[in-house]
Amino acid sequence: MSPDTVVNHTFPPSSELAENAHITAARYDEMYASSISDPDGFWREHGQRVDWIKPFTTVKNTSFAPGNVDIKWFEDGTLNVSANCIDRHLAERGGQTAIIWEPDSPDEPAQHITYAELHRRVCRFANVLEELGVRKGDRVVIYLPMIPEAAYAMLACARIGAIHSIVFAGFSPDALAARINGCDAKVVITADTAPRGGRKTALKSNADAALLHTKDTVKCLVVKRTGDQTTWINGRDFDYNEMVLEADDYCKPAEMNAEDPLFILYTSGSTGQPKGVVHTTGGYIVYASMTHEYTFDYKDGDIFWCTADVGWVTGHSYIVYGPLANGATTLMFEGVPTYPDASRFWQVCEKHKVNQFYTAPTALRALMGQGNEYVEKCDLSSLRILGTVGEPINPEAWTWYNDVVGGGRCPIVDTWWQTETGGHMMTPLPGAHATKPGAAMKPFFGVHPVVLDPQSGEEITGNDVEGVLAIKDSWPSQMRTVWGDHERFEKTYFADYKNYYFAGDGCRRDADGDYWITGRVDDVINVSGHRMGTAEVESALVAHAAVAEAAVVGYPHDIKGQGIYCYVTLMNDQEPSDELKKELRTWVRTEIGPIASPDLIQWAPGLPKTRSGKIMRRILRKIAENDYGSLGDTSTLADPSVVDDLIDNRMNRS
Ligand code: WTA
């Protein structure tokens, strides 16, 4: 079926899959209705899917009221996430593989880590952290590649009640330093160097550079990945591989309150610097495990692979916490989809007989362009469910995923959610719903989406409507606050539309009542499935001595979904040149990281501003999209001739 016609079709699961799924259509309807009409009763029951040390009696105590946003779930219960992900499985599945680790190079052997082994590794890691002085409530920054130690480190923190904050290994030393300082971390865990796609990133030397800008007391725990030489500062740097030899095999899991923070994860917003999203213990693990089981129809013995990096929320919830809480076998991949060639994902699926495969549309688009033979030469018969996350999926990529990868047999779950939401918010459930290419379809249990009029903030009822997406009531894995700045939390998510959680996305509810995400309605862009605040890139650009002003917008990009388009006004004494463009790219890469590298830079003698000095990004977006015939009302501009110049000179973008 061609991508043009496919959008109007629905794709029901096979009857075999539907009949055997955890959640059938009838069960979804019944469970969803009860989750909304009686959240207390619903979550009292489903809260039991994890083991509590002291059972909770209160289920939900949440308020979105202006000035008083306060979210608590299971607040008098106590538990430990590491014990839920490991210890409770030992009796039944100590010998089962918990983590399959597939290294960057296919020539290096994969590792199979059993639950018993995971227990030993995590306990030892936890004891090493205690040895370094880490205590309950302390913050630990994890700056590691995709190696099993990243999962051990997360679970070790959870075991002793330390709060981890993972920084994606692609971030620069500056970004790392900001995050270490932002949460006042006691320890940074890193590795010597990290192989990825056949190249190496010097993580330890990045950490060294970051540590020049932090308190002297921050300790650095270094995991050996490659054995490459690194600089070493005695008293500050600690050798994990040596310390772990001395560490005890057992560490008692700390008794944590349901509302104790489990982790902080920095994410980009439309204003200012990235904010530390705080997730807590009880609600998060209940929701992560439940969505993992139901969205992917995970069954005992299945091999689950989420291709994300643990540096993003997807890796937190669907590589580590969700799957392990369910006693699953989860695959962790160190490499990239195109190394050694464009067949790697599919080779790994064949090699490890993957049943559920979860990736981002950007990866699919890149692979799709390489040709079908890379997929077709692999045996993908083990695949049962496919998933996507991170950005809207276009019909071409959906069709390719469905036909070429899934052979038309595997339901595609298009999961809409955010760092802030902790777990899936909207997705088809594979046995319950006929999917529609590009639709996030239905809310998960307990999620109450509404479509709001962007101007009035009123709920738009009925079907076949479009507006901004908001959520009416709390769900267990909702973020609780911005680390150290509750006011910013309220202002970001609850101020625009009172009494709702505002997600920052637009959406459409179609004639059948199914949801489609239409993309961000704020100044956040989505580059290769990574969230990027345009404000962040702008502030990196203006930090360069040659730059007077900068405005950054997203524009449609075939592979990345959106690309980064920068309008740059130079200082008076600066001459535009290709070398300067190159320098600015390198500059942004060092300020933020390679993921923020500008795709296009256009020299802009002036930027379109209102008389009050506000940049009219709507106009800049149109020019970036080559849609400058329909700029709309420009009468409020202080100097309309600026726009003509930008249009005339748009071809100097590169
Ligand atoms: C976008 C990633 C359309 C959306 C889990 C959201 C999506 C942002 C989808 C969150 C999807 C995520 N369809 N758009 N299935 N999933 N998004 O915090 O704009 O990195 O607000 O979380 O990604 O990005 P984040």
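Author: Start with a definition. A polar contact is a pair of N or O atoms within 3.5 Å; within protein, one must be able to donate a hydrogen and the other to accept it, and residues adjacent in sequence count only if both atoms are side-chain atoms. This is a predicted model: local features need pLDDT of at least 70, side-chain atom pairs count only at pLDDT 80 or more, and totals for chains, interfaces and linings use all residues. Residues are numbered from 1 along each chain as its sequence is written, and side-chain values use heavy atoms, with hydrogens and water left out.

Now the ligand. One of its nitrogen atoms sits 2.8 Å from a polar backbone atom of Thr415. The side chain of Gln418 has an N or O atom 2.9 Å from a ligand oxygen. For Asp505, a side-chain N or O atom is 2.5 Å from an oxygen of the ligand. The protein covers 95% of the 530 Å² of accessible area that the ligand has on its own (Shrake-Rupley method, 1.4 Å probe; for residues, only the protein chains shown count as cover).

Which elements give two or more residues to the shell around the ligand? They are α13 (313–325), β20 (412–415) and β25 (515–520). Such names follow DSSP runs, numbered from the N terminus: helices are H or I with at least four residues, strands are E with at least two. In total, 17 residues surround the ligand; a residue counts if one of its heavy atoms lies within 4 Å. The closest are Asp414, Thr419, Asp505, Arg520 and Arg531. By class, the shell has six nonpolar, six polar and five charged residues. Here Ala, Val, Leu, Ile, Met, Phe, Trp, Tyr, Cys and Pro are nonpolar, Asp, Glu, Lys and Arg are charged, and the others, Gly among them, are polar.

Next, the backbone. Most residues other than glycine have a negative phi, and most peptide bonds are trans. The peptide bond from Tyr339 to Pro340 is cis, with omega near -5°. Pro340 lies in the loop between β17 (329–333) and α14 (344–352). Asp464 is not a glycine, yet has a positive phi of about 60°. Its place is the loop between β21 (449–452) and β22 (465–471).
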